[in-house]
Amino acid sequence: MARKINGISSVKKTSCIPTQDELKKSFDTCLSPEVKNKCLNQSSGKLIPLLSKFLIDSKASYNSGDYMTAQTYAARISIITREILSRNRAEEGTVDSFKKLLSGSVEILENLKNLSIEYHTSNGTFDDSSEKSIEGDGDFSIKNTISPIEFLDLVKKDKKILLVDYHEDSNSFISIPQYSNLEVFYLCPLVLTKYLSYKELCNKFPTIYQEKLKKSYYDFIILVGDKSEDDNEKDIREEILIKGFTTIKNISFNECSSPVLPLEGGFQEFFLCYPHYVKKGEKLVSMFTCHQQFLKFLESHRNQSISNIQEYPQIGKSTTSQVKVDEDKKIDFLEETKENNLSLTKDMSQGDVTVPKATKPISRHQPMSKPVPQPRRHNEKLDKKDVPNLTTKMVNNVCDSLNKLNGVAEKPTVPDKSTKPQPTGIQIPHRELKENVIKKRKIFDDRIIEIYSYCLKDLQMRSMEGPTSLGMTGLINLGNTCFMNSVLQALFHIPEMRELFTIKNIIKYINENNKLGTQGSITAVFTSLMDLFWTGQYRKIHPESFLVTFANQVNGRLIDRCQQDAQEFQIYLLDALHEDTNYISTRKSFSQNYDGTNLFEDFNDYKKKTEQFSYSKVNSLFNLRTVSTVVCSVCDYQSVTFEDSVQISVELPIQMQSTRLSECLSNHFSVEILNDGWRCPKCDVIRKSTKTQRIWELPEILVIHKKRFAYVSGCCDKNNVFVDFDINDFNVSSFVHEKNVENVRALYDLYAVVNHMGSLNSGHYTSYVRSGSQWFECDDDNVKNVVDKDHEIKTKTAFMLYYRLKK
């Protein structure tokens, strides 16, 4: 329909109305890269007046019938303001000005699009009655709204409602969990400022919602935005959504499509009416209404697990002041102290007697120079020969410490070893201790099994059955989740990960005493996904339960239906899996003060301290250990620091057509001159210095991340340089420290590649994965064989490489 802008005269019927192709071409060519960069480098104080003039000229051109000029000016404003807002480059106090400019430009672009569609689909004639003013009463396109009171009334009447929440405050959301007929879906508001097509809008919604919409499952669709002084921006977002839902109706040929009603006053008005239905926290949780009971169970599991973790006192060391607690709490605290067999054994060893090396403490967390977690044996019986040979002095020391803790004045008498011990005073009950530990662990394991079973059942219910070759199961895109699917495919196809993450195996390694993890929740869900994937009974898996758990337990920001970074997602996921299986419960912090005189002694000391701070099966697979050496240019004093990481991130050359991965690694591990200097401990002044980093210890799985997104000429952009890499027999020995190169294996085979196609702001992730000798290309739920691996896998879209140590 034709509209007026700001009440100025209506469009001229005799004007030449551009086609959709002409409008698109004008949008794509309106701004050269040089002019765009020049504008982005301007200060907000200079740029806002310039863009405001563009907006005035665009409106004037539109109302005078010069539509191509109006399109050009509006497109320039839209492109520049989106870049500034998406990169957070707006100066303080100017964000609202840029949003208003963006809103005005999008309004004109939308009007031109509608004008072109109507004109060229109606044989070049207009219906005069269709002309509306942008400053009218809001009766164009959006003819109906619903008040918060009316909305809640519909909910109580058991109407099936989809609430699409796109308001900008991510820390608050509408929550009415007692009504299962209400489903809430959070949509990132930034995507609604774009010039969206139907397909792009549909991709923001999970497949299950798309199917329900096409079948008119819902009685009503309610839109919840923001109440703003700038009504234009609000109307544009509502209009985009309404047109999207209308297109779904037209495509499905369903005349009984669900009514789409914006909520009057937006989220703010609803909050004023029903503050008790607004919750604080991650909004992402609320979009999975059907999983609310499961999420409550996860929260209960987390709280119970953490409440069972106690901070134990150091037995055997007297302290001058103790925490004052009542007698009942003392007894409970003591019972928990008895469970800490590791601490008990440690303090015994601090006495004058030596604990036999053959001793196996009941706790599975036994200190080792190189800890290797062993599977838990629930029915393992305590062998008599494994019990420490307690002497009189040992028992006296321990009982003395316990008496001090409990306020007992007299030390109990310890009989001679040749006589039978009498049950007097406080005992050291090995049997009771083990039974208590096993009982609590069994309760914990039962909850893990319940989480695993729920997710496995949910995955089976939502996924598409059908026999398929092992490793060729696809993952359904739930709305811009290709970054997640590509990383999961890569991890699934690593043999060591496949072997570790089976429910029969991984449950033995989950540490219930680690407060920093998810208490096994994300591990159980990830394992259910892994187990189902390798059954070969499903063509496509719908990983919503994994998405729900990741949002609730790990990081909700990464699954807000907007474009995300696959590398960032992998870091969060591996860290969560590591913490769940972290072998260490009580961490010992340490500092490094090595001079490199004997690197082997330095590293052994660092390794021992690191493994007392953090160790898991996951990190043992991915952990790369490097050594950095800083050398003073005056006195040649050097400082050595070791570091752990789960990947190598390499810079890529900017002005080159192609390069090799080995060259990028050479640059990464080259000598760096510290321009700002370094305070030499020996000279005690800042000196010119050099820094060299080399690999000291290589992991089973070596992940190399190509930093394709970088700042170029003051702007963040994608680097599409082609980086050639080896698929088999990739030798990294030249990057290993020369003193340790003979002690490590350094030959790797490629097992997976994650690719990124597109630009910084809009793109798509896929992956290539290896299963035995066969390679597959995974594009969400579409998986196919790779015919020519040398040409298909090696592309300029390669983003992350997964190498496996050659056996």
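Reader: What is the handedness of the crossing of α3 and α5?

Author: The model is a predicted one, and in it the crossing of α3 and α5 is left-handed. The axes of α3 and helix α5, which covers residues 95-120, come within 10 Å and cross at roughly 25°.

Reader: Why are α3 and α5 called roughly parallel to each other?

Author: The axes of the two helices cross at roughly 25°, and angles under 35 degrees count as roughly parallel, so α3 and α5 are roughly parallel to each other. Where they meet, α3 contributes residues including Ser44, Leu47, Ile48 and Leu51, and α5 contributes residues including Ser97, Phe98 and Leu101. Sorted by class, this contact has 9 nonpolar, 7 polar and 1 charged residues.

Reader: What makes α3 roughly antiparallel to α4?

Author: Helix α3, residues 44-64, and helix α4, residues 67-86, pack at an angle of about 150°, with their axes 8 Å apart. Angles over 145 degrees count as roughly antiparallel, and that makes α3 roughly antiparallel to α4. The crossing in which α3 passes α4 is left-handed. Among the residues that make the contact are Leu47, Leu51 and Phe54 of α3, together with Tyr67, Thr69 and Ala70 of α4. The residues of this contact divide into 12 nonpolar, 4 polar and 2 charged.

Reader: How do you know that α19 and α20 are roughly antiparallel to each other?

Author: Here the helices pack at an angle of about 165°, with their axes 10 Å apart. With the limit for roughly antiparallel set at over 145 degrees, α19 and α20 are therefore roughly antiparallel to each other. Their crossing is left-handed. The contact is made by Ser521, Ile522, Val525, Phe526 and Leu529 of α19 and by Ser545, Phe546, Thr549, Phe550 and Gln553 of α20. By class, the contact of α19 with α20 has 6 nonpolar, 4 polar and no charged residues.

Reader: Why is the aromatic pair of Phe492 and Phe526 called tilted?

Author: A search of the whole structure finds 29 aromatic pairs. In the pair of Phe492 and Phe526, the rings lie 5.8 Å apart from centre to centre, with 45° between the planes. Rings pair if their centres lie within 6.5 Å, and planes under 30 degrees apart count as stacked, over 60 as edge-to-face and the rest as tilted, so these two rings form a pair and the pair is tilted. Phe492 lies in helix α16, residues 482-492, and Phe526 in helix α19, residues 521-533, so the pair ties together parts that are 34 residues apart in sequence. Both Phe492 and Phe526 are buried. Ring pairs also link them into a cluster, whose members include Phe483, Phe501 and Trp534.

Reader: What makes the pair of Phe590 and Tyr606 edge-to-face?

Author: The centres of these rings are 6.0 Å apart, and there are 70° between the planes. Planes over 60 degrees apart count as edge-to-face, so the pair takes that name. Phe590 lies in the loop between α21 and α22, and Tyr606 lies in helix α22, so the pair ties together parts that are 16 residues apart in sequence.

Reader: Why is Phe590 called partly exposed, and why is Tyr606 called buried?

Author: Buried means under 20% relative accessible area and exposed means over 50%, with partly exposed in between. Phe590 has a relative accessible area of 29% and is therefore partly exposed, whereas Tyr606, with 5%, is buried.

Reader: How do you know that Asp684 counts as exposed?

Author: Asp684 has a relative accessibility of 52%, and since the limit for exposed is over 50%, Asp684 counts as exposed. This residue is found in the loop between β16 and β17, and Asp684 has a positive phi of about 60° although it is not a glycine.

Reader: Is Gln519 buried or exposed?

Author: Gln519 has a relative accessible area of 1%, and since buried means under 20%, Gln519 is buried. Gln519 lies in the loop between α18 and α19, and its phi is near 55°, a positive value in a residue other than glycine.

How values were computed: Residues numbered from 1 in each chain as written. Predicted model: local features only at pLDDT ≥ 70, side-chain atom pairs only at ≥ 80, totals over all residues. Heavy atoms only, no water. Axes fitted to C-alpha atoms, helices over the stretch in contact; angles between N-to-C directions. Helix = DSSP H or I, 4+ residues; strand = E, 2+ residues; numbered from the N terminus. Parallel < 35°, antiparallel > 145°, perpendicular 65-115°, else oblique. Left-handed = near helix turned anticlockwise from the far one by under 90°. Contact = heavy atoms within 4.5 Å. Nonpolar A, V, L, I, M, F, W, Y, C, P; charged D, E, K, R; others polar. Buried < 20%, exposed > 50% of the residue type's maximum accessible area, 1.4 Å probe, protein only.
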